[in-house]
2 protein chains.
Amino acid sequence: MSKEVGITVSKNDNFSEWYTQVVIKTELVDYAPVKGLIVLRPDGYSIWESIKESLDKKLKETGHRNGFLPVLIPESLLAKEKEHFEGLNPEVFWVTQSGNSEIGDRLALRPTSETLAYSLFSKWIRSWRDLPLKINFWNSALRAEIKGTKPFLRTSEFLWQEGHTVHATKDEAEKEVADILELYKKTIEEELAVPVITGKKSEKDKFVGAVYTDTLESLMPDGKALQMGTSHFLGQNFSKPFDVKYLDENNVETFAWQTSWGVSWRLIGGMIMIHGDDKGLVLPPKVAPIQVVIIPIYYSNDEKENVLQTACQIKDSLSNNDIRVHLDDREQLTPGFKFNDWEMKGIPIRIEIGPKDIAKNQAVLVRRHNQTKTSIEMDSLTEKISSELKNIQKEMFDAAKKILDERVVKISQYQQFKEELDNGKMIDCSWCGNQTCEDKIKEETGADLRVIPSNNTKAETCIYCKNSGTTNVLFARGY
Amino acid sequence: MSKEVGITVSKNDNFSEWYTQVVIKTELVDYAPVKGLIVLRPDGYSIWESIKESLDKKLKETGHRNGFLPVLIPESLLAKEKEHFEGLNPEVFWVTQSGNSEIGDRLALRPTSETLAYSLFSKWIRSWRDLPLKINFWNSALRAEIKGTKPFLRTSEFLWQEGHTVHATKDEAEKEVADILELYKKTIEEELAVPVITGKKSEKDKFVGAVYTDTLESLMPDGKALQMGTSHFLGQNFSKPFDVKYLDENNVETFAWQTSWGVSWRLIGGMIMIHGDDKGLVLPPKVAPIQVVIIPIYYSNDEKENVLQTACQIKDSLSNNDIRVHLDDREQLTPGFKFNDWEMKGIPIRIEIGPKDIAKNQAVLVRRHNQTKTSIEMDSLTEKISSELKNIQKEMFDAAKKILDERVVKISQYQQFKEELDNGKMIDCSWCGNQTCEDKIKEETGADLRVIPSNNTKAETCIYCKNSGTTNVLFARGY
């Protein structure tokens with residue numbers, strides 16, 4: 001493969017350029033003609049489909065149902081929950097014309113659907129019988145990005161799901177917030193092999209409309225934290241202005257308790273950064289559009305026929321066992337070119353099959369994530385590959401988890417703070433709970449309070465002000 | 001059920017009002033705060049998910065893959081294919097502001113994605129190896145509706161899929177157009193139990209950018225035809241302005257041949273109109289969110305326990321056999337109320353189970369589509385219901401097909417034309433091929449040439465001008 005075709009920078013040398021080359025050259029995405037917007041090509045969309053399928057199944061099993069909301073929201077409605085609206089305002093795309101006519105009340109392109117959904121919920125909900133209401137929307141959100149475009153991480157339109165639930169009691173709503181966080185964690189760790197740390201956002205970084213925000217944070221190889229998803233307890237902050245209330249069993253009118261939560265295609269960006277290497281993508285088997293690629297190796301026409309026949313048999317056998325397999329029978333390309341091509345695309349397993357392998361009734365299996373090579377018996381090939389795919393998924397997660405654990409460092413002296421950040425670490429320390437300290441740390445080191453972990457240990461004195469600490473927290477620079 | 005809750009007009013007396021009541025009262029849809037826009041509630045979205053799942057599977061089996069395109073298209077790009085653009089212009093929503101800034105080149109909300117997709121295809125396609133390219137997008141399209149909102153049929157944003165393919169040869173592209181038409185027909189007839197007539201649109205009614213447009217037409221109970229989907233042969237009409245070309249096997253640069261095709265949630269509207277009755281929805285089993293509802297019947301607490309236990313057993317058994325089943329165990333509601341409620345919602349099968357049934361080791365099965373009632377043995381209940389669901393699907397299609405066949409009338413005298421239209425018929429007649437006659441007929445009767453059927457029989461003299469006819473065609477008034 002020529003230098004132009006493959007990835008031309010190393011992940012360590014220029015992480016940002018490496019990332020861009022990987023997502024573009026492996027044909028996951030392309031840029032759209034409007035700044036800030038991207039297109040998903042089939043391999044990129046296929047990864048989103050896998051995430052969606054897995055999460056959608058879990059949501060349905062827990063009683064959530066999908067719906068559809070239009071992308072246009074009138075300005076008057078968006079402005080109804082003022083605090084929430086002001087944060088979004090600079091990012092909103094406005095429709096002001098339809099055909100050749102001006103529109104009176106400007107229409108916002110959905111930055112998020114709380115206001116629209118809750119104006120409807122207030123009509124739909126009458127009594128306790130209608131609760132809980134648990135609806136999810138697979139759609140896209142639009143928020144104008146003024147900084148440079150970064151596929152999956154910073155785009156003006158992004159694919160996501162937004163869930164919105166309404167409950168009769170505070171406890172039930174809080175349980176939903178926690179259940180969703182668990183369900184997200186399971187999806188991200190099991191499907192994308194990306195380990196996450198769960199907990200709460202600080203008051204400063206919570207969703208403006210929420211009472212509190214639960215978050216899932218992961219740490220990228222450049223030492224920056226990436227927020228992978230959020231689950232908000234909205235309390236009655238929206239139910240009051242939007243009149244979402246119900247008649248309880250005693251016929252008393254009561255304001256409902258609400259939650260909202262979402263994950264976006266940003267998950268794909270995190271997965272690429274965590275697992276990719278200098279050769280390109282490394283895809284976890286569960287989300288790989290192709291899990292196994294078969295490369296036939298032959299040097300004469302006689303050999304070709306025999307090799308292709310065996311390759312086809314392997315392909316059929318894998319395919320019949322629900323393994324996503326591709327036979328690369330392109331003519332005029334060398335096996336070496338094909339190896340590089342599929343390695344760049346991150347396909348988890350490569351099977352090489354040539355005349356010598358056939359003579360020995362075996363094939364060669366090469367794993368993308370750790371570059372190891374094994375010979376496998378033809379007779380047990382399908383079972384062996386099935387179990388290898390499971391092993392690879394687990395090994396990729398375990399390796400990423402080990403790195404994450406090593407990179408979260410506990411410190412008690414503020415002098416060490418910046419140095420450890422510069423080493424690409426996430427800082428585990430104590431914090432007094434005052435935003436002043438949080439702001440000062442941000443100002444002096446560039447780090448945000450990413451998460452107040454759920455498995456909170458007893459805290460010592462605040463890393464910044466030395467007053468007695470109320471909680472231990474994680475700081476890092478962020479995306 | 002009180003008059004207010006149920007459907008209060010008859011389908012024959014006021015078809016339009018009946019339709020609106022059905023879609024709103026059965027909680028399929030609701031109106032959004034912006035005129036022309038609707039929301040899909042879970043039962044409505046679930047029908048769309050069934051259609052999507054069935055069609056998506058067929059598309060993937062035939063080598064199509066999904067992608068994502070942003071909703072915003074720059075005006076300059078939209079204007080590149082002028083003819084195509086002029087037709088759409090009055091319906092386009094324009095984004096002119098982002099946050100508080102004005103945008104230079106206005107951004108259109110996707111009315112359809114030909115221009116955006118093909119500007120990308122021209123970058124992606126280099127050689128014959130890259131062909132065919134067969135990509136599909138499940139998204140929504142936005143076209144400002146000035147006439148009144150009609151859920152599923154006339155809305156300013158609608159869910160659809162748009163497929164776009166590129167081929168090396170004209171023949172291959174034309175085969176794709178025909179294959180997609182078949183695949184649509186199969187989906188519409190087998191999933192929605194709606195019979196369609198396939199064929200070509202006239203020059204006047206084809207998609208402006210196409211060489212020709214294949215269509216699927218169905219006939220609604222009010223005598224109006226509904227276009228259920230289209231498949232366009234684009235020839236090289238777009239590949240030339242958008243520079244979609246490839247190097248062939250002899251290294252010669254060649255313009256590619258293209259197709260585009262789509263179906264929308266309009267399919268759901270057609271299905272509701274065809275099958276619904278005075279009591280409300282009648283859903284074909286394959287797309288019904290709930291296929292079987294179980295109503296327990298008891299008059300004392302002793303009976304209740306026993307009946308609910310049996311009802312639960314039935315539910316579990318059906319559920320384990322992948323039947324979508326719901327046990328309506330709501331307290332304080334009479335069985336009669338529940339019967340009406342689920343009939344309005346169109347659930348294909350109702351199972352009634354009471355102490356007498358249990359004593360006889362049987363249950364009562366009531367079919368929604370033809371209101372028939374049978375006793376079924378408890379021991380074979382699951383198998384019986386599985387086969388009943390298949391029967392119902394088939395019977396619903398057969399009944400609709402019989403009606404369609406009866407309502408297409410062959411005439412040769414123009415005097416009969418308007419009279420038969422007024423009887424709610426679709427007119428099968430000969431046509432000379434001149435648009436003048438087509439226009440005159442439209443002017444005098446309000447009917448459009450809906451389709452030039454594929455199974456074209458030899459034609460006689462033109463119904464209008466009496467010149468020798470070139471083809472036989474179907475006219476009807478349309479939605």
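## Terms and model

Helices (H or I, at least four residues) and strands (E, at least two) are DSSP runs, numbered from the N terminus. This is a predicted model, in which local features need pLDDT of at least 70, side-chain atom pairs count only at pLDDT 80 or more, and totals for chains, interfaces and linings use all residues. Residues are numbered from 1 along each chain as its sequence is written, chains are lettered from A and ligands numbered from 1 in the order in which they are written, and side-chain values use heavy atoms, with hydrogens and water left out.

## Cis peptide bonds

A:Pro132 sits in the loop between helix H5 (114-124) and strand E7 (133-142) of chain A. The peptide bond that joins A:Leu131 to A:Pro132 is cis, with omega about -10°.

Chain B has a cis bond from B:Leu131 to B:Pro132, with omega near -10°. B:Pro132 lies in the loop between H5 and strand E7 (133-142) of chain B.

## A positive phi

A:Gln371 is not a glycine, yet its phi is positive, at about 60°. This residue is in the loop between strand E18 (362-367) and strand E19 (373-377) of chain A.

## How the two chains relate

Two copies of a chain are related by a rotation about an axis and a shift along it. Here, a rotation of 180° with 0.0 Å of shift along its axis superposes chain A on chain B, with an RMSD of 0.0 Å. The two copies are therefore related as by a two-fold rotation axis. In chain A, the C-alpha nearest the axis belongs to A:Val95, 2.1 Å from it. The superposition is by least squares on the C-alpha atoms of residues with pLDDT of at least 70 in both copies.

Which surface do the copies use to meet? They meet through the same surface, because 100% of the interface residues of chain A are also interface residues in chain B. Contact means heavy atoms within 4.5 Å.

In chain A, the axes of helix H8 (residues 301-320) and helix H11 (residues 381-407) come within 10 Å and cross at roughly 55°. That makes H8(A) oblique to H11(A). Axes are lines fitted to C-alpha atoms, for helices over the stretch in contact, and angles run from 0 to 180 degrees between N-to-C directions. Angles under 35 degrees count as roughly parallel, over 145 as roughly antiparallel, 65 to 115 as roughly perpendicular and the rest as oblique. The crossing of H8(A) and H11(A) is right-handed (the near helix is turned clockwise from the far one by less than a right angle). A:Ile314, A:Ser317 and A:Leu318 of H8(A) make the contact with A:Leu381, A:Thr382 and A:Ile385 of H11(A). By class, these residues are four nonpolar, two polar and no charged. Ala, Val, Leu, Ile, Met, Phe, Trp, Tyr, Cys and Pro count as nonpolar, Asp, Glu, Lys and Arg as charged, and the others, Gly among them, as polar.

In chain B, the axes of H8 (residues 301-320) and H11 (residues 381-407) come within 10 Å and cross at roughly 55°. H8(B) passes H11(B) in a right-handed crossing. B:Ile314, B:Ser317 and B:Leu318 in H8(B) meet B:Leu381, B:Thr382 and B:Ile385 in H11(B).

Helix H2 (residues 42-61) and helix H7 (residues 266-275) of chain A pack at about 110°, their axes 10 Å apart. That makes H2(A) roughly perpendicular to H7(A). From H2(A), A:Gly44, A:Ile47, A:Trp48 and A:Ile51 meet A:Leu267, A:Ile268 and A:Met271 in H7(A). The contact has six nonpolar, one polar and no charged residues.
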